[in-house]
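User: I'm new to this one. Can you walk me through its charged pairs?
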Amino acid sequence: MAQSSQLGRLRSASFHTLACRLQTVRGSRSASRQLPVLRRLVAPVPDRAAPISSKCSFQCKAAASSPSTAADSQDYMASLPELIPLKILFGNPEKTSPNVSPDGKSLAYLAPSEDKDVLNVFVRSVDSDNARMVTKDELRGIRQFSWTEDSKYIMYLQDVGGDENFHLYLQPLDGKPAKDLTAFDGVRAQNLVTDKHFPGEVLVGLNKRNPQVFDMYRIKLETGELTLDTENPGDVLGWLTDAKFQIRGAISMNPSDGATTFRTREAIDSEWKELMTWPQEENGGPVAFTKDGKSVYVQSSLGYDTTRLLQVDAVTAEEQKVIAYSDKTDIGRVMMNDDTREVEAVSFNYLRREWKILDPALAEDFKHLEKVQDAEFSVVSETNDQRTWIVTFSKDNGPSASYIYNRDTKKAEFLFVTQPALSKYQLSNMRCEVIKARDGLELPAYLSLPVGAQPKQLPLILNVHGGPWARDAWGYRPDTQWFTNRGYAVLQVNYRGSTGFGKSFLHAGDAEWGVGAMQNDLTDSVEWAVQQGIADPKRVAIFGGSYGGYACLAGLCFTPDLYACGVDIVGPSHVSTLFQSIPSYWAPMKKQLVHRVGDVENDQELNERISPYYHADKIKVPLLIGQGANDPRVKQAEADQIYNAMKAKGLSAEYYLYKDEGHGFARPPNKFDFYSRVEQFLSKHLGGRAEPLMKVEGSSVVVMHES
């Protein structure tokens, strides 16, 4: 089961969900420890397993209409539970990202250092709490790490100031200095692949030869020797290894039409041949080779609306078996046996995660795990013998809890909760809703209310996910709990263009930015909340990061009477300049980006129509902007442009720039500073609660303009 350990970033704040890049975190329950980062290549099934939790209805529920105290009154705010400090909500977790060593003897996890409160990797014995900090990061914190397959080292990825040029480090367990295995300036490491049957080496992608593409290098861990394994012909975004840990699959994107092609070769000295192609309007890609290398598991929407998990011939692409599918959602997560390379289980997620279990032995384990906690769970790590799992349980109204599970005894032993300090506070639940857009399209959504509040005339925050080719999902969110604790209802909507709901839903968002149906879905969702009596129409804010930040700006420009204020975090304001400044390694994906958004670089009328920069004079409510100076995706110029455009029209916005951050805020001092300013802003314009403004030592904030 794959799970990313990238923590602390702005949730879903990414414009990188266009390709099939593969990064790894050990324990991914796939044949060669690969984690699909971009497209969701997993599908749902009609005879799916029962939901792990049935608390959330899949029906659209009308809001209760019972009367309540007026939400704008002092009585209402006084009735809310105790204020949760920002430092608890957005501070570093006490412990997180547990990862068992392949030999089963040790446990690694992330925790803050005692002296500097910076996330580092700690290691302890599985049977005793003799933890010691093995990494020595003193500034940004480590968020992506993994064991080496021989259990001798920790590997981790780290960039500088959020520039996303990650280097791969090898950390000895005795605390000696880490070794930079990819010590090349301006070069990014990604597509990390390991295999338990080849413990002394790893494969990693580097754009060392050409900044636009990633060649695959093989690294011998003991010596650090790095050799070119497979050169990128110029269009490959991801790679696939076989049971012999040889690269035999390549996922490419055609720069002329945006189609995705899966190529295979019979041996490393054979020529590449095209096996399957998915035109731009389709979804698909490979998952893994079978053990004998003669077949491949792929996810594909060809002939269907949602992706299906298939087994196909590795030479002819002849379909051999349909493993799992659903007519409602795409494939989610795929659990595979590392030894047999057979699929054990597949997940699907419309509003809540559900599992189709294919291995009877796994069914017995899941049955026992369902009794541990009433929550959704994920297998996040396992030993090489596959008898010990690390399982994380997630719920909507509390932090995640992790257990070590013995598959032989069927016993789960508690490890830790990520944020135990939250246990003394009352947290809100997340309700599943289905909202109909004006054209009848059903939008999966989530509504969270302040604890104890009736859903009547509440101040509302529309929290827009980034991507936009990503999705919101049910579960604990610190920003959601922050807002509800301050007295706001929170609405999170999977607008058209979100991923996981089939190709029709995804491509319904094509060319619909700004003044089109994507923004209309957000407008319709707010109006639904108003019509249901949930939201006070005079107290609605729009909040979001990355694409969500763009949606905030678009909402204030194109529907200026709908919102009382807005918060834009690393959001693009000028779509053409966004396209012109994307990272060089996005070049193979550029055509798909153009198809989904529009050719704004060659169609100035379109660019002016959908870019908030050209409509800044229409903004008539307060705006707060947050930006990372080192953002490689949405550069500082995007925030500068909208701020300066407003200034030129005699308008003002609060603008805060963080000098050592990128696409979102990672360092706790910067998060505390920013969120403290945001809650003061929201309290002023929506009437919710707030802590006193924090004076944060160590923040890199530059106040560009403050009201």
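User: How many salt bridges does a search of the whole structure find?
Analyst: The search finds 34 salt bridges, a salt bridge being a side-chain nitrogen of Lys or Arg within 4 Å of a carboxyl oxygen of Asp or Glu. This is a predicted model, where local features need pLDDT of at least 70 and side-chain atom pairs count only at pLDDT 80 or more, while totals for chains, interfaces and linings use all residues. Residues are numbered from 1 along each chain as its sequence is written, and side-chain values use heavy atoms, with hydrogens and water left out.
User: Which residue does Glu-222 meet in a salt bridge?
Analyst: Glu-222 pairs with Lys-152, at 3.8 Å from N to O.
User: Where in the chain are those two?
Analyst: They sit in distant parts, 70 residues apart. Glu-222 is in the loop between β13 (215-220) and β14 (226-230), and Lys-152 is in the loop between β7 (144-147) and β8 (153-158). Strands here are DSSP runs (E, at least two residues), numbered from the N terminus.
User: Why does Lys-152 count as partly exposed?
Analyst: Because its relative accessibility is 47%. Buried means under 20% relative accessible area, exposed over 50%, and partly exposed in between (1.4 Å probe, protein chains only).
User: New topic: what does Arg-477 pair with?
Analyst: Arg-477 forms a salt bridge with Asp-472 (3.0 Å, N to O). Asp-479 also bridges to Arg-477, with the closest N and O atoms 2.8 Å apart.
User: Is Arg-477 buried or exposed?
Analyst: Arg-477 counts as buried because its relative accessibility is 6%. Asp-472 is buried as well, and Asp-479, at 12%, is also buried.
User: Which residues are linked in a network of salt bridges?
Analyst: One such network links Arg-140, Asp-159 and Glu-661.

Note on methods: Helices (H or I, at least four residues) and strands (E, at least two) are DSSP runs, numbered from the N terminus.
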